[in-house]
Amino acid sequence: MIEDLLSNNLKWANRIKQNDPDYFPNLSMQQNPDYLWIGCSDSRVPANEIVGMQPGQVFVHRNVANLVVHTDFNLLSVLQYAVDVLQVEHVIVCGHYGCGGVEAALANQQLGIIDNWLQNIKDIHQRHQEQFSGLSEKEQSNLLCELNVIEQAKNVSQTTIVQQALKRKQKLKIHGWIYSIADGLIKDLKVPV
Ligand code: CO
């Protein structure tokens, strides 16, 4: 029931205020996150929760299959604000195994307008086709989920926003991670960027 969300919110806010009356007044003064999270919209991968971060600690951008597309002004605006204004020290691209977007791209399903978005993943598949031969369906999906994270992390590093930040010696690291919904664990793919 939608009403439950609002009553949950009331309980949540009251619980926090009881523990720390200054919590919301402090939080409303400013945000000072060290991390930008670029993740999938999948409801099973809530950014803050899986890395134990509280409100105010992670700046978040999520889209289908955690893509970093150089013409996506939504993502570029988030990235620029995070890097230039908030001065985050880490950009984390976090994908997940069993990603519906990746699997739709792999199966070449026709789903409508999202096919154009997923074309970015089909391109990655094509570029790495030799790595997929002989793999089971599940292995192919896992591999493409990982390759997708690596490519998107590279895309982050290639943006003018990150390039200029590095040129002026701003402290900034790019990470490529993948989350397993099956056990709740994140693996660092050690993306060389
Ligand atoms: Co996904």
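**Exercises on the cobalt site and the fold**

In this predicted model, the cobalt ion is coordinated by the SG atoms of Cys-40 and Cys-99 and by NE2 of His-96, at 2.0 to 2.3 Å.

**Exercise 1.** Decide whether Cys-40 and Cys-99 are buried or exposed.

*Solution.* Step 1: the criterion for a buried residue is a relative accessible area under 20%. Step 2: Cys-40 has a value of 6% and is accordingly buried. Step 3: Cys-99, at 2%, also counts as buried. Step 4: for the protein as a whole, 41% of the 193 residues are classed as buried.

**Exercise 2.** Describe the order of helices and strands in the protein, and state what share of its contacts between residues at least 6 apart in sequence joins residues at least 24 apart.

*Solution.* Step 1: the protein contains eight helices and five strands. Step 2: along the sequence these elements are arranged as α-α-β-α-β-α-β-α-α-α-α-β-β. Step 3: among contacts between residues at least 6 apart, 64% connect residues at least 24 apart. Step 4: the C-alpha trace extends over about 60 × 50 × 30 Å along its principal axes.

Note on methods: Residues are numbered from 1 along each chain as its sequence is written. This is a predicted model: local features need pLDDT of at least 70, side-chain atom pairs count only at pLDDT 80 or more; totals for chains, interfaces and linings use all residues. Side-chain values use heavy atoms; hydrogens and water are left out. Helices (H or I, at least four residues) and strands (E, at least two) are DSSP runs, numbered from the N terminus. Buried means under 20% relative accessible area, exposed over 50%, partly exposed in between (1.4 Å probe, protein chains only). Contact means heavy atoms within 4.5 Å. Donors are N, O and S atoms within 2.8 Å of the metal (3.2 Å for Na, K and Ca); water is not among the atoms, so sites may look incomplete.
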